[in-house]
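Please look at the two chains shown here before reading on. The report below takes up how they meet and then turns to parts of one of them.

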Amino acid sequence: MSKAGITVATADPPPPAVRRLPRRRGIELALIVLAVLLSVYGYCAVGLARHGTLPPGAAGYGAGLGVLALLAHLAVRLRAPYADPLLLPIGVLLNGLGLVLIYRLDLETPGDRAAPAQLVWSTLGVALFILVVLLLRDHRVLQRYTYVCVVAALVLLTLPILFPAVNGARLWIRIAGFSIQPGEFAKVLLAVFFAAYLAANRNALAYTGRRVWKLQLPTGRVLGPIVAVWLVSVGVLILERDLGTSLLFFGLFVVLLYVATGRTGWIAVGLLLASLGAVAVGRLEPHVHGRIETWLHPFASIEAGEGANQLAQSLFAFAEGGLLGAGLGLGHSYLIGFAVKSDFILATAGEELGLAGISAVFLLYGLLVERGFRAGLAQREPFGRLLAVGLASLVALQVFVIAGGVTGLIPLTGMAMPFLAQGGSSVVTNWAIVALLVRVSDSARRSYDGQDTR
Amino acid sequence: MTRHIRHAGYFCALLLVALLLNAARVQVVQAPAYDRNPANRRPDITRYEQPRGDILVGGRAVTGSRDTREHLRYERTYTDGPMYAPVTGFASQLYGTTLLESTEDGVLSGADPMLAPFPLWNDFTRARNAGGDVVTTLHPAAQEAAYKGLAGRKGAVAALEPSTGRILALVSAPSYDPQPLSGNGSAAARAWTRLNADKDRPMLNRAVRQTYPPGSTFKVVTAAAALDAGVVTDLEAPTGSPDPYRLPGTRTRLTNAPKGCKDASVREAFTLSCNTVFAKLGVEVGVTDMTATAHAFGFNNGELRIPFPVARSTFDTTLDKAQLALSSIGQYNTRATPLQMAMVAAAVANGGQVRDPYLVERTTRPGGSTLATAGSRAIRQAMYPSTAVRLRAMMRDVVENGGGRKAAIRGAKVGGKTGTAQHGLGNSGTPYAWFVSWAQGERDMAARVAVAVVVEDAEARRGDISGGGDAAPIARAVMEAVLKSP
């Protein structure tokens, strides 16, 4: 026990006392301009490829995206001047690329345009970003709302049960023509709750209770509530058949527990539980069983004479892209069918931008996650650290699950590619995540006076 | 905590690496296999994304492309589809391609690498070349004359330019319109079913894919063999052949339709078309020489492509004398495509030389500049030139004094040979009416055209069926069409 304590102490040396770090807002501005220009370039490339002319809305699109990005930049400049300069540009670029891809896919479905709605949602997302940056002076304020967050998260998760299922899953609530996926918002709230609870109870989790083999079991009083919350959320998600999100929550829970307690045993327990759960669900749940079968044999439906399924079509799209891609607007990913703008949007990127383009997209996500982890490392108080790590892990896990699913690496679970996919709730949520990361990174780098806030 | 945050970070980095490696696997390593998957519609979409090049006859396109604005965007259209179907074939999104549409697909679809000005650059930019055109050797007027001549009948016409082997006409009747097969909708499927169920087999290319017993038209080959082998030296000398002729080693008696065949000279026998004389001649020439001559004319060659494959015309090489006798008058196992019999007539007209026939004059780039031209064709000497001269005279006799009068053209030298081929069990089928001929205009240095016509179900009483009556007028129309053109 004392040994463990020493380990923790040596692992977390007090950060060097630096009074002020450079703000680097100019870099952020330059990168934002670049991101907007790249998006407008993509928009024009689609128009040129398809109609041989610049699309009529190019100027408006560029101006709209540019104004949004500049407003967000001003908010950061004003209220979070020490924030990491990469976070916002990455969000702008990914969101801009998503809009380009959706606009490009709209050309194949003239009766069903998704880009205008996505632009509205993106505006809302950036507005939320600005609100968070302006109004939330200190992320630690969120700790006060630990239990509000968890109640809100559970309510949001439960709400869709009252609404009819869409495509076999009860994930949406429909109000006045808008469909909202409350589970998306619940992600952030749960991350806040996990971070706050673990930050408050991490010592009790790590050092109390009985020791079984290499695992220090915390007392039920400490572990109980968080396990209960996690079980309830996963249970609800299974009821709603949203296995992707339940996997996401599980991963978030394990990662934060590991980071908070420093116990490798939790990883082992997590992996064990995950495998058991996966095997059980895979055996018992026909929907999931089908997904696993499809993953193992993506071309079985072709051999059965039923034509290519969505995953097979997605693989064809990636294959067609090859190294350099067919070029924006020149692919045929619409063959994938109804989910091409949401779950399978990455296939369009893969076909039209090629391995080069999709690697760049993956690296952008990787960079976003890495900056999130850096914000966590630079932060000194445990809530901020856990929050940043939790949010970054959320993005990483979600990208892995959906990208791995559409490229045949793991079984497919329906989830939205952060920022890229069609889906209002998702875009808004991801802007909230970036906003919180900006907040944490700003507070981490704002000033170092050597005082340990732990 | 820092250490564990780093560990979590490494874990995320691991996930990223897994994604990158897997993307490389799908997009580079596995990509060729995925591209080849039959359920992948991209190759088809790309193929039909642009209009197909055209097939040209006499400077005019007989094909076209229609923009359907569907996923498989451009559909094939045909002008005078039934008339040119034995040449063009069809290009269907459902059923693939046939004939020239098939053999010239690379040029027409733009996939042929020769169409790319800078092949490697195209691989890089993924640009597709517009389809090139295929210029045929067909003579539009001859084709039309043959098509109209066969109207309402079952049969085929093949016409050649003897000196080059260019195919001037290739007609099969009844024919079909390839147009309805172009698309991929239910209409195409219905047309396909209907055409395949039709007992007249309109999609059968009778001119090159169907063999018939050539009947008496094969006597040209037998005569050539006899003259070349020296069995006959004097065309006017009596041949000492009986009437009827008992097939060697059998009790079967071979008779003649016309009178005056007993002990007739070869010239008389040729004009009258005496079975007895030529059956006896074939036996006298022997299997070896008969086979050699038949080979030289192109029989038993299964490799001929014009550029689509031509059915093998056969002359059996393992015959006893009775079979040889029958084979020598174009019966028993002797079978020939109309194109093959046109080659026989062309060889006579061309001083004994046979040129392999061809249908594609040249292929062009979209702008019209030449991509490739028909190379020089193999030449075989089917008979001595002197033999050809004597056969020419005998064939002219047939038109001037014999059964081929209906093929005569004022002011032109025309040679021909009629044929009436028995077939079916016990020769019960309606006989095929044959006519092979060549024509040379008044001012021409050489024969301009050689034709073979076969009519399967001539609308006449059985006894009246004859090459001279049914097939010769069609041959005449075709030859006249060629001679009229400058």
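Predicted model: local features only at pLDDT ≥ 70, side-chain atom pairs only at ≥ 80, totals over all residues.

Residues are numbered from 1 along each chain as its sequence is written, chains are lettered from A and ligands numbered from 1 in the order in which they are written, and side-chain values use heavy atoms, with hydrogens and water left out.

**The interface**

Contact (heavy atoms within 4.5 Å) between the chains involves 56 residues from chain A and 36 residues from chain B. The area buried between chain A and chain B is about 3900 Å², with 70% of it coming from carbon and sulfur atoms; buried area is the accessible area (1.4 Å probe) that two parts lose on being put together, summed over both.

One salt bridge is found across the interface of chain A and chain B, the term standing for a side-chain nitrogen of Lys or Arg within 4 Å of a carboxyl oxygen of Asp or Glu. B:Arg42 forms a salt bridge with A:Glu351, and their closest N and O atoms are 2.9 Å apart.

**A strand of chain B**

Helices (H or I, at least four residues) and strands (E, at least two) are DSSP runs, numbered from the N terminus. Strand E18 (residues 449-455) of chain B has seven of its seven residues buried, so it is largely enclosed by the rest of the structure; buried means under 20% relative accessible area, exposed over 50%, and partly exposed in between (1.4 Å probe, protein chains only). On one side of E18(B), B:Val449, B:Val451, B:Val453 and B:Val455 are buried, and on the other B:Ala450, B:Ala452 and B:Val454 are buried as well.

The table lists the strands that pair with this one, where pairing requires that DSSP finds at least two bridges between two strands.

| Strand pair | Sense | Bridges |
|---|---|---|
| E8 (residues 155-160) of chain B and E18(B) | antiparallel | six bridges |
| E17 (residues 432-440) of chain B and E18(B) | antiparallel | seven bridges |

Within E18(B), B:Val451 stands opposite B:Ala159, and B:Ala450 is the bridge partner of B:Trp438.

**B:Arg362**

B:Arg362 lies in strand E13 (residues 360-364) of chain B and is partly exposed, with a relative accessible area of 28%. Although B:Arg362 and B:Val134 are 228 residues apart along the chain, their C-alpha atoms are separated by 6.3 Å.
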